[in-house]
Amino acid sequence: MSHPIPFFKQVDRYFERAARFTDLPAGLLTQIKNCNAVYQVSFPVERDDGSIQVIRGWRAAHSTHKLPVKGGIRLTMMASEDEVTALAALMTFKCALVNIPYGGAKGAIQVEKREYSQRELERIMRRYTFELIQKNFIGPGVDVPGPDMGVGAQEIGWMVDTYMALVPGSVNVSGCITGKPLALGGIRGRVEATGRGVFFGIREAVGVPEDIEALGLTPGLEGKRVVVQGLGNVGYYACRFLQEEGAVVVGVAEREGAIHDPDGIDVDALLTHREAGESILDFPARTHMERSLDGLELECDILIPAALENQITEENADRIQARIVAEGANGPVTVEAHDILARRGVLMLPDVYLNAGGVTVSYFEWLKNLSNVRFGRMNNRFEASSNSRILQAVESLTGKEFAPGVRESVEVGAKEGDLVDSGLEDTMVEGFHEIREVARREGTDLRTAAYLTSLLKVADTYGERGIFP
Ligand code: NAD
């Protein structure tokens, strides 16, 4: 789909709206919103049939106000410099918003992943990494890529292996990239982090009675009808956690079409079905639709676009029935659509906040790599035995024993996965209430509040560094 207006310009517009709430000098605002550096590369890759194909890729470092810069890499035919710089800008604002000490970056390789064998993909990822190393666009202290659309642990594994081979001798080497498999320095909870973060953000939003009742809904997740576009990493995990807390997934849109069932769709069964190479249109449901975009217009309470940018536009915004649009994807709502939805009183949970869970846990992974120790390794056993001693002291003081199960639930120390989940939840909860407060104070929407909060934090960094005092 062509962008109604270039993606970077859209981010720019959101930025400008937020900037109006500040009295920051124009030069500083320009410095914050402009992209600091873009590297565009073309490289040859040998196909399995022996032919050579030239492939284009990008890496954009939007803001170096903090280093390293950080952002995922996507594999998509739709990749362009505009898209990469827009996504890098979103990363800058996202990191600042949730207090992660990174500048924003993004990378992309222009390929249709399904058309390549595993061996070809490996050659592509390794060569792209080599190109980034040549120009210092990757490294634990300069630029730390991670997963995004079409990139998972396997692709990241090839990249980290290439980096380790070409840049030997550093103890921090595995911090050059995040989203790694566990054996290569990855962290528990990263795979599901973005979806889990989306879940936390929605849970917080529907937990504020005055906001939710104003939408004509009851507070809480129980029974909320959810439609998701894109049953990939973000969409699937968001749905899974929402389902576990009582929400009902009534619609799913994928590339090949959309399905609807008011009685609920089992997303685990649907994922298994799709992973076996089947279409969602063959999955049992009340209604099947051949146009994927029709899925966005289904009746529901919460719509989670979790696939691509520019999905809700001025063309379909009037037909969106959801009362809450929860932006799992980056840039799924155009500026024009934002205005239409806002006029219609739809609550938008903006991408720049809502999908920050991925980079949050990537940050934890990077910290783990820099310290070269698993979280919880040194304190887990100590905490468990100290909790045990407290229980024993209480029992000997009171002369009573704890009920079965209580002792086991308290006599534990935090493990890596527990700490990651807890840090992620804290980040998403704090982030939501921070932007909600700013939105209320300034009389604006959550997106403008999120941009405003972020840009003030970036401006502060420049101020502290003595630039633009
Ligand atoms: P993914 O590749 O795992 O999943 C994307 C899904 O969308 C796939 O199932 C794909 O088939 C589906 N899809 C593609 N085109 C579609 C269409 N036209 N209609 C419906 N479905 C379609 O990617 P992901 O990592 O889940 O990323 C999805 C979005 O979330 C992207 O915008 C990405 O930038 C954003 N995001 C991802 C992360 C992360 O950690 N993975 C973090 C932050 C933001």
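I looked up the second largest pocket and noted about 330 Å³ of space in it. The model is predicted: local features need pLDDT of at least 70, side-chain atom pairs count only at pLDDT 80 or more, and totals for chains, interfaces and linings use all residues. Residues are numbered from 1 along each chain as its sequence is written.

I took a pocket as an open set of points on a 1 Å grid over the protein atoms alone, where a 1.4 Å probe fits, with protein on both sides within 12 Å along at least five of seven lines. Volume is the space filled by probe spheres set on the points, which are joined across faces, edges and corners.

I found 16 residues in the lining (an atom within 4 Å of a point). Val346, Leu347, Thr444, Asp445 and Leu446 lie nearest the centre of this pocket. Helix H7 (209-214), helix H10 (335-343), strand E12 (347-349) and helix H15 (416-442) each give two or more residues to the lining. H15 gives the most, with four residues. Helices (H or I, at least four residues) and strands (E, at least two) are DSSP runs, numbered from the N terminus.

I then turned to the backbone. The peptide bond from Leu67 to Pro68 is cis, with omega near 5 degrees; Pro68 sits in the loop between strands E2 (52-61) and E3 (69-75). Most peptide bonds are trans, and most residues other than glycine have a negative phi.

Asn99 has a positive phi, near 55 degrees, and belongs to the loop between helix H3 (81-97) and strand E4 (103-109). For Asn372 I noted a positive phi of about 55 degrees, in the loop between helices H12 (357-371) and H13 (380-398).

How values were computed. Side-chain values use heavy atoms; hydrogens and water are left out.
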